[in-house]
Amino acid sequence: MHMMKMKMNPQFSVWGLVWLWMLFGISASTRRVLINFGDSNSDTGGVLAGAGLPIGLPHGITFFHRGTGRLGDGRLILDFFCEHLKLSYLSPYLDSLAPNFTSGVNFAVAGAMTLPQFVPFQLDVQVRQFVRFKNRSLELLSLGGSGNFINQDGFHRALYMIDIGQNDLLVALYASNLTYAPVAAKIPSFIAEIKLAIQNLYESGGRKFWIHNTGPLGCAPKELALHVHNETDVDSVGCFRVHNDLAKLFNKGLRRMCKELKQALKHVTIVYVDIYTIKYNLFATPSKYGFVQPFKACCGSGGPPNNYNVKATCGQPGYEICNNVTSAIVWDGVHYTEAANRVVADTILSMPSLKLDRFWSN
């Protein structure tokens with residue numbers, strides 16, 4: 001039997017491969033991409049780039065040894081996820097000078113909320129920025145752009161992370177003078193915005209979602225320092241009851257919403273991550289993790305019990321840093337230390353049901 005041989009034009013072969021790379025990517029099936037949305041829990045420099053807020057040292061002192069725009073002494077939970085996946089740290093979408101989007105992109109901005117809409121840099125705006133980022137990336141690829149852009153398959157296979165809601169709860173709490181009922185009534189609207197964000201990202205091709213619930217807001221040294229309280233206002237651990245009760249109500253609604261979307265959307269994976277329990281355990285049993293004085297900020301002023309003074313917060317004149325930052329849970333009264341973030345990340349990554357690697361296993 002004679003086999004027919006096809007002659008391939010060498011020029012067509014080369015340009016054909018280039019075209020296929022632009023459309024599908026060289027190793028699209030193995031390339032890991034993270035796309036993140038949120039607030040200061042995962043902001044790697046967005047508020048610095050977008051609002052120009054000078055977040056310098058002592059923030060970043062432990063690991064980066066310089067200010068990177070992260071609110072904390074070092075790496076965030078997101079940074080540890082990137083290390084685990086052998087990815088470079090995510091650049092903020094708003095960073096105009098030498099960003100690196102090979103591992104994904106970060107839309108999180110400190111202070112971000114779910115509401116009101118159309119206000120920089122709330123969640124709906126972050127999603128709109130993503131749509132622009134995706135469309136522009138694909139446009140540049142189609143024009144033969146030389147950058148290592150994320151392609152269509154990369155966006156489809158990416159893991160979309162969302163960690164937002166704490167600022168909505170806190171703003172509502174302050175407005176209600178720490179009253180439960182008015183804040184509880186607003187929580188469904190916060191959840192609805194996160195649901196809408198997931199739906200819009202799904203419509204844009206996203207199929208894998210990683211959703212963090214909110215942490216124990218009532219354990220933050222800042223909250224305990226700012227609001228006069230007595231023994232009935234705090235739980236057995238020492239955290240504000242009203243803050244944490246509302247956080248748990250928010251988390252209950254968030255979990256229910258994730259379950260509903262899993263049933264409503266086709267070919268979707270939605271993982272709900274219980275950050276609250278992991279962080280609360282740090283305050284409940286600090287010695288188990290090597291921490292001491294759980295309600296005292298490492299960087300601040302005022303001394304025990306909380307070392308938080310709004311007139312001399314971390315980085316402002318008069319602040320001091322604790323002798324051993326690795327023994328502190330909270331860095332500046334609000335944001336967690338690198339040591340605490342490492343424990344949280346390690347705990348998540350050790351759970352069989354939360355293995356990050358499995359999102360790119362097929």
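Reader: Which residues make the nonpolar surface patch?

Author: A patch takes residues with over 30% relative accessible area and no salt bridge, nonpolar side chains (Val, Leu, Ile, Met, Phe, Trp, Tyr) being joined within 5 Å. Here L57, I61, Y319 and I321 make one of about 330 Å². This is a predicted model, where local features need pLDDT of at least 70 and side-chain atom pairs count only at pLDDT 80 or more. Residues are numbered from 1 along each chain.

Reader: Where is Y319 found?

Author: Look in the loop between β6 (299-300) and β7 (320-321); strands are DSSP runs of at least two E residues, numbered from the N terminus. Y319 counts as partly exposed because its relative accessibility is 30%, and that class lies between buried (under 20%) and exposed (over 50%), using a 1.4 Å probe and protein chains only.

Reader: What is the strand order in the open sheet of 5 strands?

Author: Strands of a sheet pair through backbone hydrogen bonds, either parallel or antiparallel. Pairing needs at least two DSSP bridges between two strands. In this case the order is β2-β1-β3-β4-β5, with parallel pairing. Since β2 (104-106) and β5 (269-273) each have a single partner strand, one side of each lacks a neighbour in the sheet.

Reader: How many bridges pair β4 with β5?

Author: There are 5, with β4 spanning residues 208-212. Along that pairing, K208 stands opposite T269, and H212 has V273 as its bridge partner. On the other pairing, 4 bridges join β3 to β4, with Y160 partnered by F209.

Reader: Which way do the β4 side chains point?

Author: K208, W210 and H212 go one way, F209 and I211 the other, and all are buried.

Key:
Side-chain values use heavy atoms; hydrogens and water are left out. Patches are made of residues with over 30% relative accessible area and no salt bridge: like charges are joined within 9 Å, nonpolar side chains (Val, Leu, Ile, Met, Phe, Trp, Tyr) within 5 Å. Accessible areas come from the Shrake-Rupley method with a 1.4 Å probe; for residues, only the protein chains shown count as cover. A salt bridge is a side-chain nitrogen of Lys or Arg within 4 Å of a carboxyl oxygen of Asp or Glu.
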